[in-house]
Amino acid sequence: MRKRRPVMWNGVQYPSIYEAAKANGMSRECMLYRVRKKYRCDADVGQSPRRRPVSWNGKRFKSVGEAARANYITVAGMLYRVNQGYTCDADLKK
């Protein structure tokens with residue numbers, strides 16, 4: 001038996017990858033692939049993680065690279081923060 005892993009997709013919390021896939025009309029393998037790639041919604045699919053729009057410290061940026069340059073950190077550092085769900089510097093201190 002597979003371990004049930006909660007999944008957040010399109011802002012909705014599902015009890016498992018299977019339930020998320022079923023509710024969104026895709027296969028379990030497809031949903032698992034998207035979750036492993038750290039996609040969080042349908043809009044993320046097909047976009048490079050570095051080129052998707054990012055909000056940081058209340059400002060909107062066209063890409064992770066632009067946000068990183070504006071905040072004087074590396075692109076990898078900003079990408080990590082965004083993928084962890086952080087939205088501002090204050091989130092890092094929690």
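Here is a walk through the chain, from its overall layout to its charged side chains.

The model is predicted, so local features need pLDDT of at least 70 and side-chain atom pairs count only at pLDDT 80 or more, while totals for chains, interfaces and linings use all residues. Residues are numbered from 1 along each chain as its sequence is written, and side-chain values use heavy atoms, with hydrogens and water left out.

Let's start with the fold. The chain has five helices and four strands, with helices being DSSP runs of H or I with at least four residues and strands runs of E with at least two, numbered from the N terminus. In sequence order the pattern reads β-β-α-α-β-β-α-α-α. The C-alpha trace spans about 45 × 30 × 20 Å along its principal axes. Of the 94 residues, 32% are buried; that means under 20% relative accessible area, with exposed over 50% and partly exposed in between (1.4 Å probe, protein chains only).

Now for the charges. Two salt bridges turn up in the whole structure, each needing a side-chain nitrogen of Lys or Arg within 4 Å of a carboxyl oxygen of Asp or Glu. Glu29 pairs with Arg28, their closest N and O atoms 3.7 Å apart. Glu29 is exposed because its relative accessible area is 51%, whereas Arg28, at 22%, is partly exposed. The other bridge joins Asp89 to Arg81, with 3.8 Å between the closest N and O atoms. Asp89 has a relative accessible area of 33%, so it counts as partly exposed.

Finally, Lys38 sits in the loop between helix 2 (28-36) and strand 3 (54-56). With 43% relative accessibility, Lys38 is partly exposed.
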